[in-house]
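We will go stop by stop, selecting a few residues each time.

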Amino acid sequence: MKAIIDCNSFYCSCERLYRPDLWNRPVVVLSNNDGCIIARSDEAKTIGLSMAAPYYQQRDQIVKNKVAVFSSNYHLYGDLSMRVMDTLRTILPPHCVEVYSVDEAFLDLSHLPPSTFHLFAKELRQTVEMWTGIKVSVGVAPTKVLAKMANRLAKKNKAASDCVWVLDSPEKIDEALSQFDVGDLWGIGRRYADKLKDQFGITTAHQLKQMPEAWARKHLGGVVGMRMIRELNGEPSIPLKDPLEQKKMIATTRMFGKPVYRLEELREALASFVSRAAEKLRRQGCAASHLDVFVVTNGRAGEQYHYDPRADHRYVLMPRATSLTHEIIAYAMPLVDDLFRDGMKYLKAGVTLSMIVPDSEVQQNLFTPQQNVKGKALMEAVDNLNFSMRGDVVKYVSSGLTRNWKMRQEMRSQRFTTRWEELYEVK
Amino acid sequence: MDGEVFYGAAYKGSKQFRQQEVRTADATGFGAAADDYAERGIDLNEQLVRNKPATFFMRVRGDAMIGAGIHDGDVVIVDRSIKASSGKVIIATLNGEMLIRRFEKGFNKIRLIPDTSKLSPIEVDPYADFSVWGVVTYVIHAV
């Protein structure tokens with residue numbers, strides 16, 4: 001049996017942890033730069049606040065309903081996410097926990113006796129909530145796709161389910177499938193949902209379950225579609241991923257706090273994104289040899305943003321895979337110079353590192369100097385300092401000292417769990 | 001600590017160290033003898049953080065618990081995985097506020113007791129929004 005544990009309105013839950021006055025009030029969290037709503041508590045959903053419309057258009061409604069509004073506080077969310085995952089790894093053997101996203105984890109429950117699933121899921125929910133203060137929902141079923149469905153049912157019927165839903169018999173599974181919209185299945189995007197409805201008249205998950213595998217192979221994205229049919233039939237076909245699997249691509253992309261017009265500022269921003277991406281790269285013990293740099297400018301005629309793959313994107317293949325920030329910055333800067341056009345209004349930029357290999361397997365190239373040991377020691381020192389002192393105390397001058405372009409976060413809560421100087425004060 | 005359930009998620013970091021981190025491992029003189037007995041020094045986390053994912057720090061403002069040795073400006077360590085029982089110092093939530101007080105549970109009433117004569121105990125109304133946020137396990141006080 002598989003389970004998925006999913007935090008309820010995770011970012012809002014985090015904001016509420018230290019704010020009992022908000023436990024029954026609507027809460028929303030805004031995106032970087034306070035542009036739009038990215039998380040809503042149940043109360044905020046009920047009053048009809050939307051994730052799609054910009055925040056400023058909904059301000060009247062927010063004021064009228066006394067909605068608590070927060071800028072995103074990723075330091076807090078990241079720390080609480082780690083606590084949730086650590087709690088799961090304490091209760092279950094670590095290899096039975098696959099962290100799927102910041103607020104979701106798949107669990108392998110095959111070692112538990114079947115009669116205990118419901119009780120176990122309930123205890124899991126209670127323990128996570130008690131230890132970390134984060135409310136979660138648990139869905140249990142024979143496969144990942146079905147567990148995702150169970151989780152959705154638990155969340156939709158919170159009062160009846162107590163946030164736990166177990167599909168442990170063929171009858172229960174079929175009953176759930178026949179009432180479940182095919183478009184709500186995990187892995188079925190809107191495009192496929194429309195295609196299934198319009199071309200094949202398939203509207204419920206149960207109808208999809210009965211389709212032959214060969215059909216799925218042809219019409220539902222090949223092997224992926226076949227796996228979907230098998231999972232719907234209770235046959236586990238998407239294994240728990242090795243949580244230590246290396247990322248094949250690492251990206252750091254940000255909106256600017258205010259538009260950037262000058263080359264120096266653009267260079268600074270991208271140098272700092274490279275630093276962040278390289279740090280992630282080193283954290284998984286890898287090196288990369290492909291570097292992409294891109295920018296997004298303000299849109300013309302009706303569009304909010306504009307991205308022209310030819311003008312706004314550059315890449316370079318570095319002669320040897322590296323994880324050293326200064327080496328990557330040195331490759332990135334000429335790309336930025338090449339991209340920059342005077343008079344443009346830059347709103348967003350990013351870097352991507354790919355062609356990733358483990359650091360130990362870096363191929364030496366005859367024509368480039370040996371990977372220098374000193375550089376690695378330097379990076380280790382920089383990473384240690386930044387980790388223990390927090391907040392980039394050591395950074396490259398090329399990434400700027402004033403950072404005018406940094407994101408706007410006007411309503412951010414304190415970083416209660418990661419900063420001594422921002423601890424919660426209790427009377 | 002008086003026999004709380006131990007969940008085993010305590011801070012383990014200080015027990016994991018590699019041979020390369022032993023400073024005297026490659027000593028050319030007599031260092032090698034001590035090497036056999038190498039262990040990592042005492043780490044406060046082992047003592048103060050019993051269950052890492054459930055442990056939170058807070059700063060105390062005011063003298064509500066001064067009699068218990070918890071002063072204005074001190075840092076308290078709060079463990080959410082411990083069940084509150086009578087007599088423990090807790091972080092309570094009451095009608096939307098967070099308070100540090102001693103928990104007293106009678107037959108059918110709950111009281112929050114300060115440790116100073118300047119404040120009076122709070123009788124928790126059965127219909128009030130009350131919960132235990134966590135149990136205070138240690139206080140860090142600068143001398």
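Helices (H or I, at least four residues) and strands (E, at least two) are DSSP runs, numbered from the N terminus. Residues are numbered from 1 along each chain as its sequence is written, and chains are lettered from A, with ligands numbered from 1, in the order in which they are written. This is a predicted model, in which local features need pLDDT of at least 70, side-chain atom pairs count only at pLDDT 80 or more, and totals for chains, interfaces and linings use all residues.

**Stop 1: one valine**

Select A:V166. This residue lies in strand β8 of chain A. Is A:V166 buried or exposed? A residue is buried if 20 or more other C-beta atoms lie within 10 Å of its own, exposed if 12 or fewer, and partly exposed in between; C-beta atoms are placed from the backbone. A:V166 has 22 C-beta neighbours inside 10 Å, so A:V166 counts as buried.

Now show what A:V166 touches. Two residues are in contact if their C-beta atoms, placed from the backbone, lie within 7 Å. Leaving out residues up to four places away in sequence, A:V166 touches A:F117, A:H118, A:A121, A:V140 and A:A150.

**Stop 2: the core**

Select A:V140 next. Its contacts, leaving aside neighbours within four places in sequence, include A:M1, A:A3, A:L109 and A:V166. A nonpolar core is a set of buried Ala, Val, Leu, Ile, Met, Phe, Trp, Tyr and Cys residues joined through C-beta atoms within 7 Å. The largest such core has 71 residues. A:V140 is among those with the most contacts inside it, and so are A:A121 and A:A150. Another core, of 31 residues, lies apart from it; A:L291 and A:L339 are among its members.

**Stop 3**

Color the strands of chain A. Two strands pair if DSSP finds at least two bridges between them. Five strands form an open sheet in the order β5-β6-β1-β7-β8, with mixed pairing. The edge strands are β5 (97–101) and β8 (164–166) of chain A, each pairing on one side only. From one strand to the next, the twist averages 15 degrees.

Zoom in on β5(A) and β6(A), residues 104–108. These strands run antiparallel and are joined by four bridges. Find A:E98: its bridge partner in β6(A) is A:F106.

Two helices come next. Axes are lines fitted to C-alpha atoms, for helices over the stretch in contact, and angles run from 0 to 180 degrees between N-to-C directions. Helix α5 (residues 117–132) of chain A lies across β1, β7 and β8 of chain A, at about 160 degrees to β7(A). Helix α6 (residues 144–156) of chain A lies across β1, β6, β7 and β8 of chain A, at about 140 degrees to β7(A).

**Stop 3: the three-strand sheet**

Select β3, β2 and β4 of chain A. In that order they form an open sheet with mixed pairing. Its edge strands are β3 (37–40) and β4 (68–71) of chain A. Here the twist averages 25 degrees from one strand to the next. Strand β2 (residues 27–30) of chain A runs antiparallel to β3(A), with three bridges between them. A:V29 has A:A39 as its bridge partner in β3(A). Helix α1(A) lies across β2, β3 and β4 of chain A.

**Stop 4**

A:F10, A:Y11 and A:C14 of α1(A) meet A:L76, A:Y77 and A:L80 of α4(A).

**Stop 6**

Show chain B. Here 16 residues of chain A are in contact with 24 residues of chain B. α4(A) gives the most to the side of chain A that touches chain B, with four residues. Now pick β14(A) and β1(B), residues 55–60: they pair in the parallel sense over three bridges. A:V426 stands opposite B:V60 in β1(B).
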